[in-house]
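Here is a short report on one protein model. Please read it beside the coordinates.

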Amino acid sequence: MEGFLISKTVFTSCELGVFDVLLKAEQPLSAEEISQAVGASLDGTQRLLAACAGLQLLIVHHDKGQVLYSNTEEARVFLTRSSPLSLCQSIQYSSRTIYLCWHYLTDAVRSGKNQYEKAFGVSSKDLFQAMYRSDEELVKFMHLMNSIWNICGKNVITAFDLSPFKVICDLGGCSGALAKQCTAVYPECTVTIFDLPKVVRMSQEHFVSVADQRISFHEGDFFKDSLPVADLYILARILHDWTDERCIKLLQRIYEACKPGGAVLLVEALLNEDGSGPLTVQLYSLNMLVQTEGRERTDAQYAALLTTAGFTNIQHCLTGKIYDAVMEIVRD
């Protein structure tokens with residue numbers, strides 16, 4: 001129960017903008033000042049601030065009998081909207097979308113199917129049609145992925161030396177955050193983001209500017225349409241959305257498009273070989289149950305999918321970060 005209460009406390013604090021108010025003030029504030037700034041009751045705000053202090057997200061100051069609050073460094077970096085490493089959008093997506101799906105976890109376990117129809121009243125026959133059921137929902141999801149790769153992207157694209165690959169295709173590249181990391185680390189490369197037309201449109205409107213001259217777009221469905229020619233194909237948190245059969249189909253399409261000497265870079269969170277952990281990945285796998293058609297897998301399970309698709313020379317690298325498993329597969 002405590003975990004649920006903690007997460008909702010953080011969700012609410014971010015949604016109200018508590019950390020943003022304190023950042024803007026540039027000095028400690030009282031509960032009364034914060035409650036007025038966020039438009040909330042004084043009593044409710046006092047309780048919320050006390051809980052955030054208990055979670056070590058706020059620092060408590062005592063000045064002339066008055067209790068004042070300021071952000072911890074962690075809150076400033078990760079919980080304010082203006083921070084380059086902000087998780088606010090990710091937190092809002094978790095609160096307003098993922099939590100609603102998890103409400104039906106029992107049904108998901110019983111049926112073995114995602115819960116979009118019960119949570120949102122939409123068919124999940126087309127998975128991403130359900131996930132991207134409105135422009136607003138699509139942009140929220142893209143902000144989620146953007147925040148993830150702003151924090152974790154450099155670790156995964158430097159796990160291997162990708163400098164030999166000058167032409168990169170990021171399949172399902174979403175907001176372009178990982179593409180930006182690639183062009184920043186490897187100045188001689190170009191990156192094509194391959195994604196659905198509506199995702200490309202939103203990425204161009206909200207995330208990738210004309211200043212990102214080495215990033216381009218290609219609209220399409222990677223299960224159906226021709227893939228762009230590239231030296232390296234990136235699949236970052238893509239295969240965990242899909243069944244084994246669909247993963248193999250996609251990997252076979254990439255294998256056929258891949259030039260000799262080309263490669264595929266997979267970015268996934270790996271389960272231990274015996275499935276005993278890590279706990280975070282076990283929970284991610286439950287999330288895949290309520291939200292997608294897929295699951296988290298072990299490195300051996302991913303290797304089996306790749307081998308079935310025709311790939312060999314499989315290499316593995318653990319980053320030790322949130323998404324701490326990267327695999328590079330080079331076609332002979």
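This is a predicted model: local features need pLDDT of at least 70, side-chain atom pairs count only at pLDDT 80 or more; totals for chains, interfaces and linings use all residues.

Residues are numbered from 1 along each chain as its sequence is written, and side-chain values use heavy atoms, with hydrogens and water left out.

## Helix H13

Helix H13 covers residues 244-257. Helices (H or I, at least four residues) and strands (E, at least two) are DSSP runs, numbered from the N terminus. The expected span of a helix is 1.5 Å times one less than its number of residues. For the 14 residues of H13 that gives 20 Å, and the end C-alpha atoms are 20 Å apart, which agrees.

Which residues of H13 are buried? They are Cys247, Ile248, Leu250, Leu251 and Ile254. They cover an arc of only 165 degrees around the axis, which puts them on the same side of H13. The arc is taken from the directions that run from the helix axis to the C-beta atoms. Glu245 and Glu256 are exposed on the other side of H13. Buried means under 20% relative accessible area, exposed means over 50%, and partly exposed lies in between (1.4 Å probe, protein chains only).

The buried residues of H13 pack against strands E4 (167-171), E7 (232-236) and E8 (263-268), and against helix H15 (299-309). Contact means heavy atoms within 4.5 Å.

Thr243 sits in the loop between E7 and H13. Thr243 is partly exposed, at 27% relative accessibility. Beyond its neighbours within four places in sequence, Thr243 contacts Glu293, Gly294 and Arg297.

Helix H11 spans residues 177-185, and its buried residues are Ala177, Leu178, Ala179, Gln181, Cys182 and Thr183. These pack against helix H10 (135-157) and strands E4, E5 (190-195), E6 (215-219) and E7.

Ser203 belongs to helix H12 (residues 197-206). Ser203 is buried, with a relative accessible area of 0%. Not counting residues up to four places away in sequence, Ser203 touches Met142, Cys174, Ser175, Gly176, Val208 and Phe217.

## The second largest pocket

What is the volume of the second largest pocket? About 310 Å³. The search uses a 1 Å grid over the protein atoms alone; a pocket is an open set of points with protein on both sides within 12 Å along at least five of seven lines, and lining residues have an atom within 4 Å of a point. Grid points are joined across faces, edges and corners, and a volume is the space filled by probe spheres set on the points.

The lining has 17 residues, of which Gly112, Lys113, Asn114, Thr292 and Glu293 lie nearest the pocket centre. Helix H14 (residues 279-291) gives the most to this lining, with three residues. By class, the lining holds three nonpolar, eight polar and six charged residues. Ala, Val, Leu, Ile, Met, Phe, Trp, Tyr, Cys and Pro count as nonpolar, Asp, Glu, Lys and Arg as charged, and the others, Gly among them, as polar.

## Two further helix residues

Leu48 is in helix H4 (residues 42-54). Tyr99 is in helix H6 (residues 88-102). The table sets out their values.

| Residue | Relative accessible area | C-alpha separation |
|---|---|---|
| Leu48 | 13%, buried | 9.5 Å to Ala31 |
| Tyr99 | 26%, partly exposed | 22 Å to Leu57 |

Sequence neighbours up to four places away aside, Leu48 touches Thr9, Thr12, Ser13, Leu16 and Val18.

## Backbone features

Which form has the peptide bond from Gly277 to Pro278? That bond is cis, with omega near -10 degrees. Pro278 lies in the loop between E8 and H14.

Lys64 has a positive phi, near 55 degrees, and is not a glycine. Lys64 lies in the loop between strands E2 (58-63) and E3 (66-71). At 83% relative accessibility, Lys64 is exposed.

Asn313, also not a glycine, has a positive phi of about 55 degrees. Asn313 is in the loop between H15 and strand E9 (314-318). At 41% relative accessibility, Asn313 is partly exposed.

Notes. On a 1 Å grid over the protein atoms alone, a cavity is a set of points where a 1.4 Å probe fits but cannot get out, and a pocket is an open set with protein on both sides within 12 Å along at least five of seven lines; lining residues have an atom within 4 Å of a point.
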